[in-house]
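Q: Could you take a close look at a single part of this structure and then explain, for someone new to it, how that part fits into its surroundings?

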Amino acid sequence: MNTEEAKAILQSYRPHLDDAKDPIFKEALLFAENDAELRSWLDREQSFDQIFAQKLQGIEPPADLEEKILSNLPSSTANTETEVFTNINKVIWWRQPLTWSVAACFIALFTLGVVLLRPREIAIHAQPGMEALVQAVNEHSRTVSKLDYQNNDVVALQDFLMTQNSPAPQYLPTKLQNLKGIGCLSFTWQGHQLGLICFQGDKIYHLYVTDRKAIPDLNTPQYHQFNDRSTATWTSDDQLYILSTEGEPKDLASLL
Amino acid sequence: MNTPKDTENTLDFSNLVNTYYKPLFRFAYSLAGNQHDAADLTQQSFYIWATKGSSLRDPSKVKSWLFTTLYREFLRDRRRGNRMDSVEPEKMESEMPAVTQDVVNSLDAMSAVNALVHVDEIYRVPLTLFYLDDLSYKEIAEALDVPIGTIMSRLSRGKSQLRKVLLEK
């Protein structure tokens, strides 16, 4: 280690935090002990940091902010003193028992229909623009070979897409969220900017996200089958989600 | 006042808000550069926590989760507003300008945050988290999803820019 390297490390050093226990800082601090000039520089550095931190931490939020936060919550949260890790979240459609019951019936009927009729392709009953988009996404998912960024952490993939100013999924169904990430990609198709996250489960799943634009609410997923592949399409807030994989719609339904 | 440790173990939502809304607001202020947007970002972060925070399986990550969520919301808002991206400059600052005592003496909370706002966002975000003292540098790296070495270099460049801004004022 030389003086410049020690400086580069010690600029991130805050003596009052646990950072000081980190071996990388210990080594740099040890080096500084034997370098009077570096020690003096570190004193000045920490003096400035301390003052600046105090000033920044002196910023006071608006007096009514805390009250506003508490009053603007979903009603189920705002009205009760709720344990954070038990009941605080809004019940989302894919977690509702009734939704699951209805979905299970729908899937059973749908699967029966698929088995009996065995269509090569199921028509998409949606806007023409969305039909083309779903088909294009399905084709794209067959041939994905290059990703912008690879990481097993799904949150990291979401963050990466956002830093690229790409659509990124704001809400993931829990089962999908628990899968291991593979990578992500940002691309444009006929004016639609899309974000893609690939998941590794028992097989590979591709989740495409784009701005919803004029597409109406799809509060429960619509399933489509294209030969050997299937898609599930739904909306959440201002985003359209299309999940694609090799196999049948029931393979997707088990994740949603 | 609640400690973060208390919060992460058993607290109810109002305690969570009480414990973290101030540091989150300060972080938001440095990102947005104005009180109104900072308050909105802070509120939105807690709203998201209320609607999906239970998906977080590790209670010790609550603090990082809130900071990360706020930063994501900021990026999302910016994307909707078509603001410019921050681009990491190629040039590395080799020497950090010294800040005079006069400058230090004249600092107050508003001038501190106003100076931060003039630092490139890519450096400002880790630099603000560094000065707010709520996250370790490893947690800052996790929150921003960049390697620890990158955080250190961004802190270095951010500090250099910050001092230039202060000297020019």
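**A helix and the contact around it**

A: In helix H1 of chain A, which covers residues 3-10, the buried residues include Ala6(A), Ile9(A) and Leu10(A). Because these residues cover an arc of only 90 degrees around the axis, they are put on the same side of H1(A). This is a predicted model, and the description should be read with that in mind. The buried residues of H1(A) pack against helix H2 (23-33) and helix H3 (36-56) of chain A, and together with these against H9 of chain B.

That last partner leads to the other chain. Chain B has nine helices and zero strands, and from the N terminus on its elements run α-α-α-α-α-α-α-α-α. Of the 169 residues in chain B, buried residues make up 47%, while among the contacts in chain B with a separation of 6 or more, residues 24 or more positions apart account for 68%.

The contact between the chains takes 45 residues from chain A and 47 residues from chain B. On the side of chain B that touches chain A, the elements that give two or more residues are helix H2 (13-32), helix H3 (35-52), helix H4 (62-80), helix H6 (109-117), helix H7 (121-132) and helix H9 (148-168) of chain B. It is H2(B) that gives the most to this side, with 10 residues. Sorted by class, the side of chain B that touches chain A has 24 nonpolar, 11 polar and 12 charged residues.

Conventions
Residues are numbered from 1 along each chain as its sequence is written. Chains are lettered from A and ligands numbered from 1 in the order in which they are written. This is a predicted model: local features need pLDDT of at least 70, side-chain atom pairs count only at pLDDT 80 or more; totals for chains, interfaces and linings use all residues. Two residues are in contact if their C-beta atoms, placed from the backbone, lie within 7 Å. Helices (H or I, at least four residues) and strands (E, at least two) are DSSP runs, numbered from the N terminus. Ala, Val, Leu, Ile, Met, Phe, Trp, Tyr, Cys and Pro count as nonpolar, Asp, Glu, Lys and Arg as charged, and the others, Gly among them, as polar. A residue is buried if 20 or more other C-beta atoms lie within 10 Å of its own, exposed if 12 or fewer, and partly exposed in between; C-beta atoms are placed from the backbone. The arc is that of the directions from the helix axis to the C-beta atoms.
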